[in-house]
Amino acid sequence: MTIQRISRAAVYGLLLGASAVHAGDWRQFRGSDTSAVADTEAPPTKWSANENVSWQVDLPGRGLSSPIIVGDRVFVTASSGYRQERLHVLAYDISSGQLAWERQFQATGRTGTHPKTSVAAPTPASDGTRIFAFFSSNDLVCLDLDGQLLWYRGLTHDYPNVSNSLGMSSSPVVIGETLVVQAENDSQSLAFGINTATGESRWTQERPKKANWTSPIILSTDGGQSGVVVLQSSTGLHAIDPLSGEVKWTYADGASTIPSSVAAGGIVYAPSNGITAIKPLADSAGPEIVWTTGRVRPGTASPLVYNGKLYTLNNAGVVVCASLDNGDVAWQLRLEGPFSGSPVAAAGYLFAVNEKGMGFVVKPGESEGEIVSENDLGETILCTPAIADNAIFVRSDSKLWKIAAK
Amino acid sequence: MRCVCETTRAFGLGLLLIPAAIGMAAETTDKAIEAIRAVGPQGAGNVAASAAVKSLSQGKVDDLVPILAGFDGANPLATNWLRAAFESLADRILKSGGELPKDQLEKFILDLNNSPEARRLAYEWLVRVDPTATDRLIPGMLQDPNAEFRRDAVARLIASAKALKDDGKDGEAVAAYKEALAGAVDDDQVKAIVEPLKAAGVEVDLQQHFGFLTIWKLIGPFDNVNLVGFEAVYPPEEKLDFAAKYEGKMGEVKWTEAATKDDYGVVDLAETLSPFKGAVVYAATEFVSDQERTVQLRLGTPNAWKLWVNGELLFARDEYHRGMQLDQYRVTANLKPGRNTILLKVCQNEQTEDWAQAWRYQLRVCTPGGAAILSADSMETTSR
């Protein structure tokens, strides 16, 4: 952790007391506010296995969950063993990469997955004082930042048909004092609002009976501290009040079950019929459909909104830049796919790492995009990068890297 | 300043109080473990367990083995809480320069009456402070109730067999592979053993090794158009009468015999009957148990299914075409002495994609650790 980062975190901590806001944290899948943007960070735009690697560590198990960063620690999950039944939560010092602690658990739910994925697929989340580690087995572990177990839930233990034989990957989001978990599949499909302090369910909802690998997003006007959580499924979107589970609005024209939506400026850009821009209306039963375009179709990677433009990565490995106003395509740029992880943005650049471990840095312009660098880590990487401490954090099935200028 | 006699008196009083203090500490530990063991579904008991884990993690080295003992009979949620308490305490002891109780841990590991999961946890922390424990303990764990111990023991034997083979000691290599096979429960290890044995002219009966059920009676198809069949109660669910005939989806149906020769016990319904779509088939078999016992029924199927043992519905799942894996589902079942009836309902939907035509299953009976349990009736499988 840099001195500036410590000072900044300390000042915020003093000002806000127990809320433990650490400026520059990357607390959940696609960042603290699920936007995948870290515009105050300046990570390197060039790296390799030997260049601009601040540190790398061996991991004890597989995983495609993203690392998250809270204060001076990097947290990551992994699964190991012949049946991936051993669940790992690991904490590393952000400056040195030294292991601060590791805790292991035994999966209480099913651990079978498609060979490409693993039990450590969902990205953990944090409220700044607790880590919520979720796994494909639907084990949900809450630890404090020092590795002390605070509570444990086995959602498949509680609901035995909550599972997917191909594996699950939805990452939970924390908003206020509620953790929202989607555990949706063909059989017993449920979403949960979990009390972050006790692990008890505030609400449990029946969800569409269809396998669903998307993650909830936060639709907020205050950086993710409050707002609604948008649950995506094959039927469309449900905006949920996180405390009560009350459905605030719905969009029922279907949506993808792989890439997740993104929200920016109060509008949700959903992978639905291509991309559909959806604007919630304060006093209406339904949201306004701002526009729909079939010309922008995200593949596995979730879309990104950055500096007034929409970006998607399609299954051909092409970045498509589109207008936020009407969905019109501004430009396209072919990268080398396939991509499992989603793109993220910082310091005027887009960062996307393909499945072969090649990280692309793209400089987006008004009329075209430019590949600034192609950066090979030489290992299969399926995670979405995390950005904090002026660094990029990525992991493979065996390693965790901090990519930062030395 | 106190006089010597006061000091002595205080010291004596302190000695008298030490056993009482130890007793109180032990009582606190026991209460904390009990609080953890009380956790249940839906987060029940989480608040008390959280305080108990915090208390235990601040405890003493003497608390480690009692925490492990707490695994015995605890539910899977509670064992994870106990695991966290053990790891937090052990971690704190080591980081503060303390020592783990190596002898006590080893004694705990070697006692097969203890929880297999707790024994494994004890072992993993023992080897951190005594790496020689691996060579001392693992070779004796080929038949251990804990699958991870067995896996480690098998891996050593496979490595040994390979080395013998490389040294040209073919006979000893075969013997080592055979010994390894006796403990192997994981398919990757079984394959790594069977292949060199086959090359050496030794055939392995995989159906028997894994304990697949291979002789079945089948009846169907019943209707599953629009997925109605999963919830529908067709006659075989109400009464098993192998002489009966019923009205099925496409006319009269009756029970027929089916035996699979597949090494992994796969019964291909689409091939054995017909590639019906929107259809239900029931498969029944008997398993003879020599005693009353709890077993795991391990099922693999890409289709929706329901499973009964002796008329009791054990589990039902309506997922279609999300893959089929060995040991995909594990269902705990209580067997009675003598003949036990196993009934499986296998539903096919109406998807038209190539990958959605599979209509099959495999089922085996085993211990919680994955070792085969064979029917006591030698006529029950083709392998015996």
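Colleague: How many bridges join β7(B) to strand β12 of chain B?

Modeller: It's a predicted model, so to speak of local features we need pLDDT of at least 70, and side-chain atom pairs count only at pLDDT 80 or more, while totals for chains, interfaces and linings use all residues. Residues are numbered from 1 along each chain as written, chains are lettered from A and ligands numbered from 1 in the order written, and side-chain values use heavy atoms, with hydrogens and water left out. Strands here are DSSP E runs of at least two residues, numbered from the N terminus, and two of them pair if DSSP finds at least two bridges between them. β7(B) and β12(B) (residues 360-366) run antiparallel, and the bridge count is 5.

Colleague: Which residue of β10(B) is the bridge partner of B:R298?

Modeller: β7(B) also runs antiparallel to β10 (residues 329-335) of chain B, with 7 bridges. On the β12(B) side, B:R298 stands opposite B:R364. In β10(B), its partner is B:R330.

Colleague: Over to chain A: is A:N314 buried, exposed or partly exposed?

Modeller: A:N314 lies in the loop between β23 (309-313) and β24 (318-323) of chain A. Buried means under 20% relative accessible area, exposed over 50%, and partly exposed in between, using a 1.4 Å probe and protein chains only. At 21%, A:N314 comes out as partly exposed.

Colleague: Which backbone nitrogen does the side chain of A:N314 reach?

Modeller: Leaving aside neighbours within four places in sequence, A:N314 is in contact (heavy atoms within 4.5 Å) with A:R297, A:P298, A:G299 and A:V320. The side chain of A:N314 also reaches, at 3.0 Å, the backbone nitrogen of A:V318.

Note on methods
Helix = DSSP H or I, 4+ residues; strand = E, 2+ residues; numbered from the N terminus. Polar contact = N/O pair within 3.5 Å; in protein donor to acceptor, adjacent residues only side chain to side chain.
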